[in-house]
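The sequence and structure are shown first.

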Amino acid sequence: MKLNGTSSNTPSISQPTTGSHQNGHTPDSHQADSTGVSAWETDELVDEIGDAHGASSIDTPMRPDAFAIDDDLKIDLIEEHFREIMGILGLDLTDDSLKGSPRRVAKMYVNEIFSGLNPANKPKPTLFDNKFRYNEMLVEKDITVQTYCEHHFVPIIGKAHVAYISSGKVIGLSKLNRVVEYFSKRPQVQERLTVQIAEELKRVLETEDVAVIIDAKHLCVSTRGVHDINSSTITASYGGKFSEEATRQELLRYVAQPSVTI
């Protein structure tokens, strides 16, 4: 399957050889590896893929042994490696402000911002019979989206608008927020996040009549690269009746209305 023009069989990027460091020599950045690709060309390709913001498939790329170790050990290992990263950057880990940072980052990764990688944390939505026979669309607007770009590991922050038309069942409103939150708590690209939320709601609600719109700002755009602080990215998934122009336009009118303030 393709998302944003990137095929799921995109070839992996070969790692460049580092060359010899003997006798004080440093590797030439233009030296080709065994595949004939130079380190400079590889860096260019890595940057190009990251800026294109393409995803390889609907599923988040996960190794088969992703959960072979428990969360406590993951935290210990990430702490060790992040301490090494900070040391490479030249930071003084004996400083009172910094010495606890590797542990804090490790716990944040596992328990908070990437907790959606673990299927054990997947919400279990409760469905109810649609006894009041509400047959129009239900729209949950302005659901907070806080996820992380999988190319640069910096935040993507915005809002999701979720809508569905009941096929005989209704879902607790907060569970819509929970589904958005779960798929947001992992390294993402916005296109994949949009589709994952939509497909999960279709599965849970047993209907194709689901729509998801996300409007978000990418810190990989605003804090690096082009440094554009004004742009935002909008993605959408329209299923079932929402593929029809009239229904889609009705949804967009609701989304465009000012939200209620309390």
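1. The model, which is predicted, holds 13 salt bridges. Several of them are taken up individually in the points that follow.

2. Lys122 and Glu200 are joined through their side chains in a salt bridge, with an N to O distance of 3.2 Å. Lys122 belongs to the loop between α3 (101-113) and β3 (127-129), whereas Glu200 belongs to helix α5 (residues 190-205), so this pair ties together parts that lie 78 residues apart in sequence.

3. Arg203 is exposed, with a relative accessible area of 52%.

4. A further salt bridge connects Asp129 and Lys169, whose closest N and O atoms are 2.5 Å apart. This pair links distant parts of the chain, since Asp129 is in strand β3 and Lys169 in strand β6 (residues 169-171), 40 residues apart. Asp129 is partly exposed at 41% relative accessible area, and Lys169 is partly exposed at 32%.

5. Asp76, Glu79, Arg83 and Arg103 are linked by salt bridges into a network.

6. Apart from the charged pairs, the surface carries a nonpolar patch formed by Ile69, Leu73 and Leu77, which together have about 210 Å² of accessible area. Leu77 is found in helix α2 (residues 71-88) and, at 34% relative accessibility, counts as partly exposed.

Definitions and conventions. Residues are numbered from 1 along each chain as its sequence is written. This is a predicted model: local features need pLDDT of at least 70, side-chain atom pairs count only at pLDDT 80 or more; totals for chains, interfaces and linings use all residues. Side-chain values use heavy atoms; hydrogens and water are left out. Patches are made of residues with over 30% relative accessible area and no salt bridge: like charges are joined within 9 Å, nonpolar side chains (Val, Leu, Ile, Met, Phe, Trp, Tyr) within 5 Å. Accessible areas come from the Shrake-Rupley method with a 1.4 Å probe; for residues, only the protein chains shown count as cover. A salt bridge is a side-chain nitrogen of Lys or Arg within 4 Å of a carboxyl oxygen of Asp or Glu. Helices (H or I, at least four residues) and strands (E, at least two) are DSSP runs, numbered from the N terminus. Buried means under 20% relative accessible area, exposed over 50%, partly exposed in between (1.4 Å probe, protein chains only).
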